[in-house]
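Please examine the sequence and the structure shown here before reading on.

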Amino acid sequence: MRAFALMISVALTTGLAACNGDPHLMNIKSGQSSPDEFAILPTKPLSMPPDLAILPSPTPGGSNITDPTPQADAVAALGGNPARLTDQGISASDQALVAYAARRGTDPAIRTELAEADLKWRSRHSRRPLEALFGTSVYLRAYRSMTLDAESEQLRWQRAGARTSTSPAPETE
């Protein structure tokens, strides 16, 4: 009798676990209630600038010169230019490419349309009961029909006569 009750409870637990309505394909645990210890950054030390005239005017809600800038600090430590991290618009070398890509107009609502279409796609290709029970990722299975086979695409371009000098021909069987 005890074994029968145990089997029933395992079956009920399995059934409840399979009913999870998690819309995230990659099963990333977002919305945790525990604190994120990596989000706490120390501030930079206060220092007196050589000339007070070089200080920017204060802006409500703006950044402070003592605010932590981990990305800019990492770029500077690796020898890069942290000023390149700020959005400076489209560079002169890319303006022709952007103009050609937008020659037939752009849709300002494309991101919301794509998000809705992707949500609909993911709801049709949601997790199966065993995948929900074991918490496995179904991202690759859901998008398998949309993936590009690199070797067959390379072979197709090479057969069409395109030069692929940096990539040798794949071995054919």
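The side chains of Arg-156 and Glu-153 form a salt bridge, with 2.6 Å from N to O; the term denotes a side-chain nitrogen of Lys or Arg within 4 Å of a carboxyl oxygen of Asp or Glu. A search of the whole structure finds one salt bridge. The model is a predicted one, in which local features need pLDDT of at least 70 and side-chain atom pairs count only at pLDDT 80 or more, while totals for chains, interfaces and linings use all residues. Residues are numbered from 1 along each chain as its sequence is written, and side-chain values use heavy atoms, with hydrogens and water left out.

- Side chains of opposite charge can pair when their charged atoms come close.
- Arg-156 and Glu-153 are three residues apart in helix α7, so about one helical turn separates them.
- Arg-156 is partly exposed, with a relative accessible area of 46%, and Glu-153 is also partly exposed, at 23%. Buried means under 20% relative accessible area, exposed means over 50%, and partly exposed lies in between (1.4 Å probe, protein chains only).
- Helix α7 covers residues 150–159, and Gln-154, Leu-155 and Gln-158 are buried in it. Seen down the axis of α7, the buried residues fall within an arc of 100 degrees, so they line one face of the helix; the arc is that of the directions from the helix axis to the C-beta atoms.
- Just after α7, Gly-161 takes a positive phi of about 100 degrees.

**Overall architecture**

- The protein has seven helices and zero strands. Helices (H or I, at least four residues) and strands (E, at least two) are DSSP runs, numbered from the N terminus.
- Of the 173 residues, 10% count as buried.
- The protein exposes about 15300 Å², of which carbon and sulfur atoms supply 61%. Accessible areas come from the Shrake-Rupley method with a 1.4 Å probe, and for residues only the protein chains shown count as cover.

**Ala-72 in helix α2**

- Ala-72 is found in helix α2, which spans residues 70–77, and is buried, with a relative accessible area of 18%.
- Leaving aside neighbours within four places in sequence, Ala-72 is in contact (heavy atoms within 4.5 Å) with Pro-82 and Leu-85.
- Ala-72 and Pro-82 are 10 residues apart in sequence and 4.8 Å apart in space, C-alpha to C-alpha.

**Confidence**

- The average pLDDT of the protein is 80, and 83% of the residues score at least 70; pLDDT is the predictor's confidence in each residue, from 0 to 100.
- Confidence is lowest in α1, at a mean of 73, and highest in helix α3 (residues 95–101), at 93.
- Where pLDDT is low, the predicted coordinates should not be read in detail.
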